[in-house]
Amino acid sequence: SLNLRRLHTLTRRQLLLVSTRARTVKDRPWPYLINTSLIASLPLLVAGGSAALITLIVGAPGLGGPSTAPTALTLLTTLCVLTGQALTYSEVVDEIGIIKREFRVGVGAVQVLTAKWLVYAMIAVVQAGLITLVASLVPNWAPHQSIIFGPGFDLFLSLAALTVAAMTLGLLVSSLAYKLEQAVALITVTSIAQIALNGITTDLSKPSISSILAEVLPDRWGVSAVASSTNLRGMSKGHVTQ
């Protein structure tokens, strides 16, 4: 159908827009080439580097020990939230003029947002995969238990779902903001709220306004997913509230 073809075209265009950040010109000096490559790969560098820093700070047994699991879980899920939101919080507000012009010629805003979501969802999954890989490569740091596919893959599925959800929230914030400054302020508030209400830093076991608000935040569900799939709740009973 026409809508599917248009969505396909928009998705390809968004992929090209993302890939242009890594494009280089042959006659450019090598420092420029290195700089553009670093900018293009920055989201992955931040995800992988931060994951390595988390494993260094927490140390073994990381997600595999009752004393270190709550801290490791909090830091990993926070990393997924921050890197996911960072992908898209400025994406729409920066291009609102282009989106409005395209809307006048028949390109729906929903289609544009869907194309952006599809592309950045793929990037978010890659980020989660890199975070999981770093955590799994550190000896005795990854979880030792799982429910379905194994500790490593279960951890990846949970972190990937969380990162995609955080990316989606960032896209929503960018769609609601009128200026980039507003998007920055909103994304800061949502980040703080998610860290404070993730179920580890705050006791959400009793009904309250905080527990109700936490139910609509991605980090709360991400913490629950990782804790359940790797049996961290049983290992760290009393720290992770479900």
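The model is predicted: local features need pLDDT of at least 70, side-chain atom pairs count only at pLDDT 80 or more, and totals for chains, interfaces and linings use all residues. Residues are numbered from 1 along each chain as its sequence is written, and side-chain values use heavy atoms, leaving out hydrogens and water.

**Helix pair α3 and α6**

- Helix α3 spans residues 42–58 and helix α6 residues 109–137. Helices are DSSP runs (H or I, at least four residues), numbered from the N terminus.
- Their axes come within 9 Å and cross at roughly 30°. Axes are lines fitted to C-alpha atoms over the stretch in contact, with angles from 0 to 180 degrees between N-to-C directions.
- The two helices are therefore roughly parallel to each other (angles under 35 degrees).
- Residues of α3, including Leu44, Ala47 and Ala51, meet residues of α6, among them Leu130, Ile131 and Val134. Contact means heavy atoms within 4.5 Å.

**Salt bridges**

- The whole structure holds two salt bridges (a side-chain nitrogen of Lys or Arg within 4 Å of a carboxyl oxygen of Asp or Glu).
- Lys116 pairs with Glu91, with the closest N and O atoms 2.9 Å apart. Lys116 lies in α6 and Glu91 in the loop between α4 and α5, so the pair ties together parts 25 residues apart in sequence.
- Lys116 is buried at 2% relative accessible area, and Glu91 is buried at 7%. Buried means under 20%, exposed over 50%, partly exposed in between (1.4 Å probe, protein chains only).
- Arg220 bridges to Glu215 at 4.0 Å, N to O. Arg220 is buried at 5%, whereas Glu215 is partly exposed at 35%.

Note on methods: Parallel < 35°, antiparallel > 145°, perpendicular 65-115°, else oblique.
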